[in-house]
Amino acid sequence: MALGKVYLVGAGPGDPELMTLKAKRLLGIADVVLFDRLLDPTMLDGVKAELIDVGKNAGRHKLTQEGINQLLIEKAETGAVVLRLKGGDPYLFGRGGEEALALQEKGIPFEVVPGVTSSIAAPELAGIPVTHRGVASSLIIVTGHEEPGKETPLDWKAIAALGGTLVVLMGVSRLEKNVEALIAAGKSPRTPAAMVEKGGWSEQRMISATLADIAEKAREAKIESPAILVVGEVVRLAEKLGKKKIAILRPAAQQKESAALAESYGFSPILAPAITLAEKPLPEDLQERLCKAECVAFTSANGVKIALQSQAIRKALTEKTIVAIGPKTAMALAEQGLPSQVPEEYSSAGMEKMLKGKCRSILFLRSAQGSRYLSEALKAAGLFVDDIALYEVAPSHDPRLDELIKIARGVQIFAFTSSSTARFLVERAREMGLEMQLRDALAAGTVAVIGKPTAAELARLGLNVDVMPDKFTFEAMLATLKGEEEIK
Ligand code: SAH
């Protein structure tokens, strides 16, 4: 039987979109695919070949290198087109060279297909260019996991003396030893250093420190393999070039617009709806209650949309003073041809100030769970306050929220746009058995709230708030977050 052919293919750092066109095409024609554990399984979606996981997990080799070589040979000898899919680039610490030699020895045709290497892509995706004009004009890539006696030992003195950028692959388990060796060899302990974990994956994380502190910080943050150590002045560029991930927890219908806004402020949005809105039937005494109120208040654009489906409300509104809690709500009303007043400060105090002398009774048309903070404060100020719940906020049951909870440690900013987004996020994490991890992630990251009622809910949940804008809108929240970053 004719011999098959083996393709030694680089799959890139993990994001399936970072595979080459050639890798993708070969996946379509392969009879057998041998792949590593670290690859994103979606890369193999729709692939019809026989799939063999030869995954190696540090320390727990499933198949020895010898076994993999043997399997490649056996499969090729059946006449199959064999694709050996490897992380990053096959010839950089990937043992691709050994596989190629083994094939050559048996006279089996093979071809190597380069891939995007994690040694450059992982720092890059975290905002670190490995070389930069005036900062670093050389790059050295080494393994951090030397097997004593098996490889030529690293010359740390030469590496320390080189300047430029140092990238250490397989750097987690011996991080502390390697850092000590570098410092002992003369590298300044103050040199900036970073660990990039799972570059290009949804869980990507980066921590940065000085060379002296990086091992301790990585231990605290529980950085795991695969991760890369980057040492050199280029690490500082991440402050400018690295994008912070922001979790957007709003209902699905608002995700797209919010994500675009977050991107325009330089953040990398993670779409994770925590809540969904379910309409409630209107009360039978709606008419009466509308009559009694001089003033009708809306606290969200969603409330406006739902309320105006009712002709009775639409008609009544033409005779009332309409109050909108903020500009977005006012805009939703304006789109329906209804003018409204917006308090200078989007809070009960602002509302009270605005209504003083103009209105004695106010009807809130809003969500069932919305905070009663506003209405209580207005009641205390002597107004007659009524409330009609138009919709209920319910948990989203969206898989994207579960995904966020799993990767929360890699998210820098959590944007809470209502009390229910906070409540349901924590509740869902509890259901998944991940509440403590979520709380750790929230404590390590930046927690932003849109306004005071949301801040109060976070306090009730025992969570710290880092950022609240002066003006209570999502955009103002983004602007404040961005401003904080620039001050730093
Ligand atoms: N051939 C691969 C490297 C294989 S060695 C390449 O070119 O990328 C395996 C090491 O690569 C891991 O221990 C880790 O240091 C690094 N690595 C691989 N994928 C990574 C990723 N997505 N993020 C960070 N490091 C990664």
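A polar side-chain atom of Trp201 lies 3.2 Å from a nitrogen atom of the ligand, a polar contact being a pair of N or O atoms within 3.5 Å. This is a predicted model, in which local features need pLDDT of at least 70 and side-chain atom pairs count only at pLDDT 80 or more, while totals for chains, interfaces and linings use all residues. Side-chain values use heavy atoms, with hydrogens and water left out, and residues are numbered from 1 along each chain as its sequence is written.

The backbone also takes part: a backbone N or O atom of Gly199 lies 2.8 Å from a nitrogen atom of the ligand, and one of Ala227 lies 2.6 Å from an oxygen atom of the ligand. Of the 540 Å² of accessible area that the ligand has on its own, the protein covers 91% (Shrake-Rupley method, 1.4 Å probe).

## The shell around the ligand

The ligand is surrounded by 18 residues, the closest being Leu92, Thr117, Ser118, Met170 and Ala227, where a residue is counted if one of its heavy atoms lies within 4 Å. Helix α4 (118–125) and strand β12 (227–231) each supply at least two residues of this shell; helices (H or I, at least four residues) and strands (E, at least two) are DSSP runs, numbered from the N terminus.

By class, the shell has eleven nonpolar, five polar and two charged residues, with Ala, Val, Leu, Ile, Met, Phe, Trp, Tyr, Cys and Pro counted as nonpolar, Asp, Glu, Lys and Arg as charged, and the others, Gly among them, as polar.

Definitions and conventions
A polar contact is a pair of N or O atoms within 3.5 Å; within protein, one must be able to donate a hydrogen and the other to accept it, and residues adjacent in sequence count only if both atoms are side-chain atoms.
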